[in-house]
Structure formats: C-alpha cells, structure tokens
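This report describes a predicted model. The contact between its chains comes before the chains themselves.

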Amino acid sequence: MRTLGLRTKLVLTYTGIFLAFTLVFAWYLVARQGSIASQALETRAVGLSGILAKLIAPAVDLDLDKSQAENSLAAIKGHKDLIYIVVLKSDGSVYLRHSEGRSPMGGELLETSSLTRVEQRGEILHVLEPIRSNGKEIGTLAAGFSRQSINQEIQTSTRTVVVFSAIILCMGFLVSWVFSGTIARPMLEMATQLTGLSQDLAGLARSQETASTQQVSAIDETRGTMEVMLASAQQIAESSSAVLGNAERTVNGNRDVAHRIKELNNHAERVAEILAVIMQVADRTDLLALNAALEGTKAGEAGRGFTLVAAEMRRLAESVMESVAGIRRLMNDMRSASQSAVQAGQEGIALSEETSRSARDIALVTQQQRKATEQVGRSMDDMAATVSEAMASTRQTASTAQDLVSAALRLDRLVSSSSSLGTGRQGGHRANVGEDFQAPTSLAE
Amino acid sequence: MTPDLIASSGERKAAIVELAPPDGDIASVSLMLLRLGTRWFAIDVHAVVEVALKGEVTRVPTAPHHIMGITSLRGRLVTVVSMEQMLGGEGLLSRENPVTLPRLVVVRYGDYEIALVAETIHGIGHHAPPTSADDSDNEDDRGDPPLPEFVRYQFAWQEHRVALLDVRKLIVTAARLSRIDSTSELVEA
C-alpha cells in the first residue's frame with residue numbers, strides 16, 4: 001500500500017478542513033435561512049390569519065352570505081403561499097371554504113380553537129385563529145400556507161452556498177497546495193540533504209572500515225616483522241654473548257701470555273745479571289791475565305812461559321766475554337722480541353677488550369632493541385585493540401548511518417510527492433538511497 | 001817542557017812501522033797496544049806499572065781539562081789523564097763499543113806516575129823500532145799533520161795506525177799543560 005506524501009496529506013488535511021468549514025457554513029447558512037424563512041412564514045401566516053379572522057368576523061357573526069364573506073377574503077386571494085381558508089363556526093360547521101386550487105397535501109386541519117395555534121404538517125403550515133366578535137368566540141379560521149416557496153428559496157440558497165462552498169473549497173485547495181508546497185519543499189530538500197549526508201556518512205564509515213582493515217593488516221605485518229626482529233635480536237644477543245665470552249677468554253689468554261712473557265723477561269733479567277757477573281769476572285780475569293802477561297814480559301826470558309799462560313787466560317777471558325756479549329745480544333734480541341710480544345699481547349688485549357666492549361655494546365644495544373621491539377609489539381597490540389575498537393565504532397557508525405539512511409528514506413518518502421516535485425530526481429535519489437542502503441548493511445555484517 | 005823538546009817535536013814526521021813478532025836477530029821492544037776511540041796507541045811495557053779497572057775518578061777543582069781527576073789504586077792516589085784532551089780536545093775520538101770495561105793504564109817514569117784511560121787493551125806485542133833508513137823511506141807521509149811531542153812515531157799494525165807513546169814526554173807534557181814545574185828534572189833528563 002502506497003503511503004501518501006506529506007504534501008498530499010497537507011493538501012488533504014487543509015482541503016478537508018476547508019471542506020468541513022464549508023459544509024458547516026453551508027449547513028448553518030441553509031438551516032438558518034430555512035428557519036428564518038419558516039419563522040417569517042409563520043409570522044406572516046399568523047398575521048394574515050388574524051387579519052382574515054377580524055375581516056370575516058362580522059360575516060360569521062351576522063351569518064351573512066358566503067359571497068359577502070368571500071368579498072371579505074378578496075384581499076388575500078391570490079396569495080402565493082395560501083392554500084386554503086376554512087371558516088368554522090363555533091359549532092364546528094364549515095361556514096366558508098376557500099381554496100387556491102392546490103389540494104393540500106395531508107388534508108386540512110379543521111379544528112376549533114380558542115387560541116391561535118400553528119401546526120406544521122408536511123409541507124403545509126396550518127394556522128388556527130379564533131374568530132371573535134365583541135369578545136365572543138364565534139368561530140375558527142383555519143388557513144393553510146404552503147412551504148414550497150420557502151423550500152425553493154432554501155434550494156436556491158443551497159445552490160448558492162454549494163457554489164460558494166465549491167469556490168471556497170477550490171481556493172482552499174489551491175491555498176493548501178501552495179502552503180503545503182512551501183512547507184514540504186524545504187523538508188524535501190532537508191530530507192534529500194539528510195539522505196546525502198547519510199550516504200556520505202555511510203561511505204565514510206565504509207572507507208574508515210576499509211582503512212581500519214588495512215591498518216589491522218599493516219599492524220599484523222608490523223607485528224610479524226617485530227617478531228622476526230625480536231628473534232634476530234635474540235640471535236644477535238646470543239652471538240654477541242658468545243663473542244663476548246671468546247673475547248674475554250682471549251683477553252685472559254693474552255694476559256696470561258703477557259704474564260708469562262713478563263716472567264720470561266724477569267728470568268732474562270736474572271740471566272742478564274748473571275751474565276753481568278760473568279762478564280765482570282771475565283773482565284777481571286782478562287785484567288789479571290793482562291797484568292800477568294805484563295809482569296811476565298817485564299821478567300824477560302824467565303817470564304815467557306808465564307806470559308804465554310797469561311795470554312791463554314786472556315784469550316779464554318776474551319772468549320768468555322765475547323760469548324757473554326753474544327748472549328747479551330741474543331738476550332737483547334729476545335728482550336726485543338718479548339717486548340714486541342708483550343706489545344702485541346697488549347694490543348691483542350686492547351683489541352680483545354675493545355671487542356668485549358663492542359660485544360657488550362652490541363648486547364646492550366640488542367637488549368635495548370629487543371625491549372624497543374617488545375614495546376613496539378605491545379604498542380602494536382594496543383594499536384590493534386584501538387583499531388578494533390575503531391572498527392567496532394565504525395560498524396556502529398555504519399549501523400547508525402544505515403538507520404539514518406532508512407529514516408532519511410522514510411522522510412523522503414513521507415515528504416516527496418510524485419505529482420508535485422521532480423519525480424526523476426527523486427527516483428534517482430531513491431535509487432541512490434537504495435544502493436547506499438545496502439552498503440552499511442554489508443558493513444554491519 | 002823545554003824548548004828543545006818543543007823544537008824537536010815540531011820536526012818530527014809520521015812514520016809507519018810494522019809490529020812484528022820477536023826475532024832474535026832484530027832488537028825489538030815489547031809494547032802494550034791500547035785503543036782509545038778509533039785511535040790506537042802503544043806503550044813500552046817497561047813503562048807500564050799495571051792495568052786496572054777504571055773506577056771512580058774524583059774531579060779536582062781548577063784542574064785543567066786533560067786532567068780527569070785522581071783515583072785510588074790500592075791505597076795510592078794516581079792522576080788520571082785524558083789522552084783525548086791532550087790530542088786535541090773532547091770529541092776528537094769517536095766511540096766504539098768495547099768488549100771490556102774501560103781500563104786505566106798506569107805508566108811510570110821515575111817517580112812520576114799517571115794513569116791513561118783506555119777503552120780496550122789489545123795486549124802485549126813486540127815491535128822492532130824503525131831505523132833511520134826506514135825514516136827516509138817514509139818521506140811520502142809529509143802531508144800528514146805533525147805528531148804530538150809525546151808520540152815517538154807511528155807504525156802500521158793490522159790496518160791500524162798505532163802511535164808509540166813516549167811516556168816521559170807524555171808525563172812532561174801533561175805536567176806542562178798543568179803548569180807543574182816539579183818535572184823539570186824529567187825535562188832535563
């Protein structure tokens with residue numbers, strides 16, 4: 001069942017009001033005019049009957065001839081509403097009967113009455129007027145008046161009222177049409193705008209949900225990447241721990257080597273001291289042999305053998321000193337080599353310590369990276385929860401937009417009128433609304 | 001120092017002789033060879049009292065530069081003379097690395113005794129002094145600088161030029177450079 005438009009309803013309402021007002025006005029006017037006409041007829045009939053009763057009273061009292069009596073009635077003959085006149089005597093006999101040729105519908109009211117009495121029977125107004133002569137009631141005048149003229153007048157008035165009512169109704173219809181147009185058009189525009197806004201809102205909700213879905217996907221990917229980074233950081237931390245352990249062992253080994261080289265140097269120093277003693281002994285031996293050779297030479301031929309022995313002792317001492325000098329050179333070379341080894345060991349220790357520091361730094365950085373990655377993961381979880389809440393809100397928004405679209409559609413249908421406003425635009429608008437109406441439904445699902 | 005010594009030293013010429021082993025036919029002298037820097041010297045062993053280690057040398061105030069100081073050798077004080085300063089001053093002799101420690105060669109002439117610093121003492125050898133003909137045979141060395149007066153002559157030994165020291169003149173020269181007149185008997189002798 002098709003629902004009527006707001007404008008149609010407004011037009012029908014205003015037209016109905018106008019119609020009711022017109023009907024009431026017409027009924028009241030016709031009824032009022034009929035009443036006034038009836039009252040006027042009654043007054044006129046009573047007055048006329050009274051006049052006739054007074055005019056005919058002498059003839060009845062004197063019991064004159066009917067022709068004389070009818071002369072008394074000549075003044076009212078030909079009255080348009082008069083139907084009959086009957087003069088009754090006090091005994092109820094008919095003294096005079098006058099008819100205008102129109103047979104009274106429903107008969108005549110022939111009753112004697114001491115009071116003026118008016119009685120409506122059918123289309124005839126019956127009037128009973130007592131005839132008095134000298135204060136004495138001598139008869140009753142019964143007259144019948146037709147209401148046809150009144151009815152014709154009422155009919156004429158009714159036609160006039162109907163015509164005027166129709167005109168007023170048409171004017172009211174036009175006025176209500178225009179007035180409803182001034183009300184319905186802004187409402188229709190507002191409904192259209194509301195529908196458009198609802199459509200936009202539904203589109204935005206769809207876009208937002210799409211974006212939220214993409215954000216969820218991105219968050220999932222980021223979370224996966226963070227997990228991979230976390231695993232890598234863990235592996236790097238383990239590797240750096242292994243490197244740190246190796247570097248510390250290398251440092252300890254280098255320190256052990258340096259310590260042993262230092263001990264070797266100490267031994268070499270002791271050997272050097274011993275060599276110095278040997279050198280000193282050999283030097284003194286050389287000196288003694290030299291002095292012995294000197295004394296032997298001074299002794300001449302007798303000291304020749306002593307000189308030779310001293311010369312041999314000198315050679316031995318010099319050989320010892322040369323050997324000691326060679327040992328010293330070797331010791332110096334060994335000392336230089338050990339110093340180089342110590343220096344290399346110290347450099348190795350420095351490098352190992354640097355490696356240890358670097359490994360610690362790497363471990364620290366990796367730990368910080370792992371914490372940061374975990375923090376990022378937690379942030380991703382929070383963000384995912386937020387996005388989920390946003391998606392729920394978006395779905396709620398989509399549902400609200402759906403309801404709003406439905407309400408806008410209903411409002412549009414309520415306001416729109418196919419007979420007055422552009423149906424093509426409204427039809428297309430309804431089609432769009434129908435399309436948009438499906439989108440939030442899918443989103444809500 | 002007497003003027004004749006100075007005059008005779010100015011006329012001396014460098015002479016190269018060989019340090020040869022003792023030969024019964026040729027009269028030879030026993031010399032002690034010692035090295036000071038890159039220069040070699042020879043001293044007659046009869047003038048050498050002893051060879052000692054160079055111990056602590058006490059510097060004597062206001063002493064000339066060639067007097068390094070005095071040292072104690074078994075209870076007696078001996079003047080230590082620097083041959084380097086007597087030859088021409090410090091820095092004249094380039095240092096070499098000796099095998100042994102520095103020595104003090106104590107020489108004596110008469111009652112005078114001084115100690116010479118030697119870096120290395122090669123030993124004792126025999127040397128035949130050159131004859132006058134040998135001197136005439138070395139006229140080609142006239143281009144060399146004049147020898148100090150306390151050097152008798154120079155001779156070749158194992159590609160070294162060895163200066164034979166005259167102990168008496170050495171002591172006199174050292175005393176003269178120190179303005180000591182107590183050695184006048186040595187000069188007269």
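## Contact between the chains

On the side of chain B, 18 residues take part in the contact, and on the side of chain A, 16 residues do. The area buried between chain B and chain A is about 1,400 Å². Carbon and sulfur atoms give 63% of that buried area.

Two salt bridges are counted between chain B and chain A. One of them pairs Arg103(B) with Asp283(A), and the closest N and O atoms of this pair are 2.6 Å apart. Polar contacts between chain B and chain A come to seven residue pairs, with both residues at pLDDT 80 or more.

## The side of chain B that touches chain A

Which elements of chain B give two or more residues to the side that touches chain A? They are strand S1 (29–36), strand S3 (48–53) and strand S8 (120–127) of chain B. Of these, S3(B) gives the most, with six residues.

By residue type, the side of chain B that touches chain A holds 11 nonpolar, five polar and two charged residues.

## Chain B overall

Chain B has 189 residues, and 48% of them are buried. Its secondary structure consists of five helices and 10 strands.

## Helix H4 of chain B

Helix H4 of chain B covers residues 167–177. Why is this helix described as largely enclosed by the rest of the structure? Nine of its 11 residues are buried, so the rest of the structure largely encloses H4(B). The buried residues include the nonpolar residues Val167(B), Leu170(B), Ile171(B), Val172(B), Ala174(B) and Ala175(B). Arg168(B), Lys169(B) and Thr173(B) are buried in H4(B) as well.

Both ends of the helix have a local feature to look at. At the start of H4(B), a side-chain oxygen of Asp166(B) comes to within 3.2 Å of the backbone nitrogen of Arg168(B). Just after H4(B), Arg179(B) has a positive phi of about 55°.

## Chain A overall

Chain A has 445 residues, of which 34% are buried. Five helices and five strands make up its secondary structure. Read from the N terminus, the order of elements in chain A is α-α-β-β-β-β-β-α-α-α.

Of the contacts in chain A with a separation of 6 or more, 71% are between residues 24 or more positions apart.

## Ser133 of chain A

Ser133(A) lies in strand S4 of chain A, which spans residues 124–133. Is Ser133(A) buried or exposed? Its relative accessibility is 14%, so Ser133(A) counts as buried. The cut-off behind this is that buried means under 20% relative accessible area.

Leaving aside residues up to four places away in sequence, Ser133(A) touches Asp61(A) and Ile138(A). With Asp61(A), the side chain of Ser133(A) makes a polar contact of 2.7 Å.

Key
Residues are numbered from 1 along each chain as its sequence is written. Chains are lettered from A and ligands numbered from 1 in the order in which they are written. This is a predicted model: local features need pLDDT of at least 70, side-chain atom pairs count only at pLDDT 80 or more; totals for chains, interfaces and linings use all residues. Side-chain values use heavy atoms; hydrogens and water are left out. Helices (H or I, at least four residues) and strands (E, at least two) are DSSP runs, numbered from the N terminus. Buried means under 20% relative accessible area, exposed over 50%, partly exposed in between (1.4 Å probe, protein chains only). Contact means heavy atoms within 4.5 Å. Buried area is the accessible area (1.4 Å probe) that two parts lose on being put together, summed over both. A salt bridge is a side-chain nitrogen of Lys or Arg within 4 Å of a carboxyl oxygen of Asp or Glu. A polar contact is a pair of N or O atoms within 3.5 Å; within protein, one must be able to donate a hydrogen and the other to accept it, and residues adjacent in sequence count only if both atoms are side-chain atoms.
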